[in-house]
Each structure stands twice: as C-alpha cells, then as structure tokens.
Amino acid sequence: MAPKKKTKKAAEKNPEKCQNDVEEKRRHSILDIAILQDHIALQCEALRRVQSERADLRRRARDMEQKLQHERQDHRDIYWDLSRQYKTMQTELTNKVKKLEQEVSQLKEDLALSQEELSKEKSERKQVEQEKDAIIADLRQKLDNIESDYEKVLHETLDSLSSQLSVTRQGWEDESATLHQKYKEPLSEFGLNALDL
C-alpha cells in the first residue's frame, strides 16, 4: 500500500493540507504497527503453547511406549492404536506449528513494510515542512524588499514634490515681484500702495 507522492507544486499551493495528509498517514501507520505487534505476540504465545503441548505429548508417548513394552502380547493392538493416534496428532500439531510459523513470518514482513512506510512518511513530512519554511522565508524576503522599495519610492516622491513646490514657490515669488513693479506706478497715481493689496 504505497502512499501517493505529492508534487512540490501541490505542496507549495497547500502545504497545510499536505501536512495534514502526512500526519493522518503517520497515525494510521502507528496504529497498524501496534495491531500487528499485538497479533505477533498472540501468535507467538499460541506457538509456545503448541510446542509445549507437543513436548508434553511426546513425553506421554514415551512413557506409554515404555509401559506397553512390559505388557502382554494381546495388548499389542492397543499399543498400535495409540501409536497411530500419536502420529496423527503429531502430524496435525506439526502442520499447525508450520502454519503459525508462516503467519508469524508474514506478520513480521508486514511490520517491516509498515515501518518502512512510516519512515518514508516521516521523510516526506520533513521535506514538506522544509519546503513550507522555504516558501515562508521567501515570502518574508519579498515582503521586506517590497517595503524597502515602497519606502524608497515614497521618499523619492516626497523629495520630488518638495523640489517642485520649491520651484513653483520661487516662480510665484518672481511673478509677484514682476507684477508689483509693473503696477506700482499706476497704483501710486491712485494713492494706493501695492504692498497693502
């Protein structure tokens, strides 16, 4: 069950969603690992019980064989019957042990795969976080540059306006002086002072 790989472009568009997906996968993987570990523990316990039963059965069979060796010949049929039952049970138990061993081996493989997937998801999550941090750092740098450029443009604009105002004021003062000189005499003829106007 391989996780879908997310492209760098998708991660840049929605890093928070990508991080949530990775976190959800990580929680599922941890839960799967815990379940598999419990299952392995149960199978190992069952295997130990079966092996113990088999060892006990062997001991019992040896005891019975020793006793039967001292019995009369007419007990031979019983002996053969018990021997047959023992072999049947031994075969069944052996098959059961093999099956349990195969299940334990499969569970170990599943556990290894789950751990590998978890490691891969952790690596992907770390990469997403690094990409997100890089995007944030880049945006902050761009914002700082924009603020610096805006401040520079504002200062240049204010300086330009101040310069234009100074030139305009000088022009008004020159024009005012010219008008004053031009209309000074006509106004004085009427008894008016140009400076009072």
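Biologist: In what order do the elements of the chain run from the N terminus on, and which side chains meet Glu23 in a salt bridge?

Modeller: From the N terminus on, the elements run α-α-α, and the chain has 3 helices and 0 strands, where helices (H or I, at least four residues) and strands (E, at least two) are DSSP runs numbered from the N terminus. Please keep in mind that this is a predicted model, in which local features need a pLDDT of at least 70 and side-chain atom pairs count only at pLDDT 80 or more, while totals for chains, interfaces and linings use all residues. Residues are numbered from 1 along each chain as its sequence is written, and side-chain values use heavy atoms, with hydrogens and water left out.

Of its 197 residues, 17% are buried, and here buried means under 20% relative accessible area, exposed means over 50%, and partly exposed lies in between (1.4 Å probe, protein chains only). Among the contacts with a separation of 6 or more, 83% are between residues 24 or more positions apart, a contact being heavy atoms within 4.5 Å. Gln37 belongs to helix α2 and is partly exposed, with a relative accessible area of 41%.

Now to the salt bridges themselves. Side chains of opposite charge can pair when their charged atoms come close. The term is used for a side-chain nitrogen of Lys or Arg within 4 Å of a carboxyl oxygen of Asp or Glu, and a search of the whole structure finds 9 salt bridges. Glu23 takes part in a salt bridge with Arg26, at 2.6 Å from N to O, and these two residues both lie in helix α2 (residues 15–69), 3 residues apart, which is about one turn of the helix. Glu23 also forms a salt bridge with Arg125, where the closest N and O atoms are 3.0 Å apart. This second pair links distant parts of the chain, since Arg125 is in helix α3 (residues 76–189) and Glu23 in helix α2, 102 residues apart. Glu23 has 18% relative accessibility and therefore counts as buried, whereas Arg125 is partly exposed, with a relative accessible area of 27%.

Returning to Glu23, salt bridges that share partners join Glu23, Glu24, Arg26, Arg27, Arg125 and Glu129 into one network. The picture around Glu23 is therefore that of a buried residue with a salt bridge to Arg26 and another to Arg125.
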